[in-house]
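Student: Hi! Could we go through this model together? Please put it up and we can start with a side chain.

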Amino acid sequence: MPVQSKFPLSFFETTVASTVALGFILGLLGVYLTMPDSDYSFLKLPRTLHDLQLLRDNLESYTSDYTAQVLVGYCVVYIFMQTFMIPGTVFMSLLAGALFGVFKGVALVVFTATAGASSCFFLSKIIGRPLLFSLWPDKLKFFQTQVAKRRKSLLNYMLFLRLTPTLPNTFINFASPIVDVPYHIFFLGTVIGLIPAAYVTVRAGLALGELQSVGDLYDFNPIATLFFIGIISVTPTLMGKSDS
């Protein structure tokens with residue numbers, strides 16, 4: 001009996017994902033080539049607050065002199081991380097606050113997070129099904145059931161998911177096209193639903209030196225506020241069920 005490969009993607013699907021990744025790499029290369037000669041060893045994805053503080057300290061001077069390059073580089077990295085579900089976007093959101101302030105930082109985070117989520121959504125249409133059934137079959141079944149039950153008030157449900165940690169955002173991005181969430185619903189739920197969490201994180205980036213851990217972002221008050229907004233967003237769905 002032949003041994004079946006466990007790799008869930010076909011050659012075509014792997015080629016598509018690799019092409020998308022290559023596009024992001026070329027975008028970063030273009031940014032790098034337009035920057036002045038310098039030591040860029042500090043440029044790496046931050047994994048700790050210490051890494052993030054070092055990155056902030058080094059990028060502050062470049063942000064004023066090479067604003068366009070820093071913005072493009074930031075957007076490419078954030079969208080790449082969202083597209084391929086790479087952990088650590090919370091550090092990128094903190095960095096936006098530290099470099100650009102609250103208003104510009106929130107706008108930048110919502111834009112890049114929505115663009116990255118959309119990129120992940122459309123990439124998943126091509127390669128997502130085998131990966132999801134291979135990696136998260138139970139979670140996918142739960143999500144599919146919930147979407148089917150709330151089809152008439154799907155926007156409210158998507159807002160609820162974005163505002164609360166019921167399901168990870170990366171999973172929502174990747175699984176939504178597989179469970180037939182229309183893109184316009186996905187887009188609106190993402191743009192609107194990410195604003196409160198983006199504000200909390202970006203605002204914390206202003207006082208980056210005072211944070212002791214990422215957990216400091218998620219104390220009782222911000223979490224309770226997000227849950228409260230989430231409950232309000234899903235209330236029309238619950239009211240509709242009680243009336244039917």
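Tutor: Happy to. The side chain of Ser-176 has a polar atom 2.6 Å from the backbone oxygen of Ile-172. A polar contact here is a pair of N or O atoms within 3.5 Å; within protein, one must be able to donate a hydrogen and the other to accept it, and residues adjacent in sequence count only if both atoms are side-chain atoms. Keep in mind that this is a predicted model: local features need pLDDT of at least 70, side-chain atom pairs count only at pLDDT 80 or more, and totals for chains, interfaces and linings use all residues. Residues are numbered from 1 along each chain as its sequence is written, and side-chain values use heavy atoms, with hydrogens and water left out.

Student: Where is the place of Ser-176?

Tutor: Ser-176 is in the loop between helix H8 (169-175) and helix H9 (183-193). Helices (H or I, at least four residues) and strands (E, at least two) are DSSP runs, numbered from the N terminus.

Student: And does Ser-176 count as buried or exposed?

Tutor: Buried, because its relative accessibility is 0%. The cut-offs are under 20% relative accessible area for buried, over 50% for exposed, and partly exposed in between (1.4 Å probe, protein chains only).

Student: Which residues is Ser-176 in contact with, leaving aside neighbours within four places in sequence?

Tutor: Phe-121, Phe-143, Met-158, Val-181 and Phe-186. Contact means heavy atoms within 4.5 Å.

Student: Let's zoom out. How many helices and strands are there in the chain?

Tutor: The chain has 11 helices and 0 strands. Of its 244 residues, 44% count as buried. Among contacts with a separation of 6 or more, 79% are between residues 24 or more positions apart.

Student: Nice. Which residues of H4 are buried?

Tutor: Thr-89, Phe-91, Met-92, Ser-93, Leu-94, Leu-95, Ala-96, Gly-97, Leu-99 and Phe-100. That is 10 of the 12 residues of H4, so this helix is largely enclosed by the rest of the structure.

Student: What covers the buried residues of H4?

Tutor: The cover includes helix H2 (49-65), helix H3 (67-83), H5 and H10. Just after H4, Gly-101 takes a positive phi of about 85 degrees.

Student: You mentioned H10 there. Which of its residues are buried?

Tutor: In helix H10 (residues 195-205), they are Ala-198, Thr-201, Val-202, Ala-204 and Gly-205. They sit on the same side of H10, because they cover an arc of only 155 degrees around the axis. The arc is that of the directions from the helix axis to the C-beta atoms. Helix H4 (89-100) and helix H5 (102-135) are included in what covers the buried residues of H10.

Student: Changing topic: how many salt bridges does the count come to?

Tutor: The count comes to 2 salt bridges, where a salt bridge is a side-chain nitrogen of Lys or Arg within 4 Å of a carboxyl oxygen of Asp or Glu. One joins the side chains of Lys-44 and Asp-51, at 3.9 Å from N to O. Another joins Asp-57 and Arg-56, at 2.7 Å from N to O.

Student: What about the accessibility of Lys-44 and Asp-51?

Tutor: Lys-44 counts as exposed at 52% relative accessibility, whereas Asp-51 is buried, with a relative accessible area of 17%.

Student: And the Asp-57 and Arg-56 pair?

Tutor: Asp-57 counts as partly exposed at 44%, and Arg-56 is buried at 16%.
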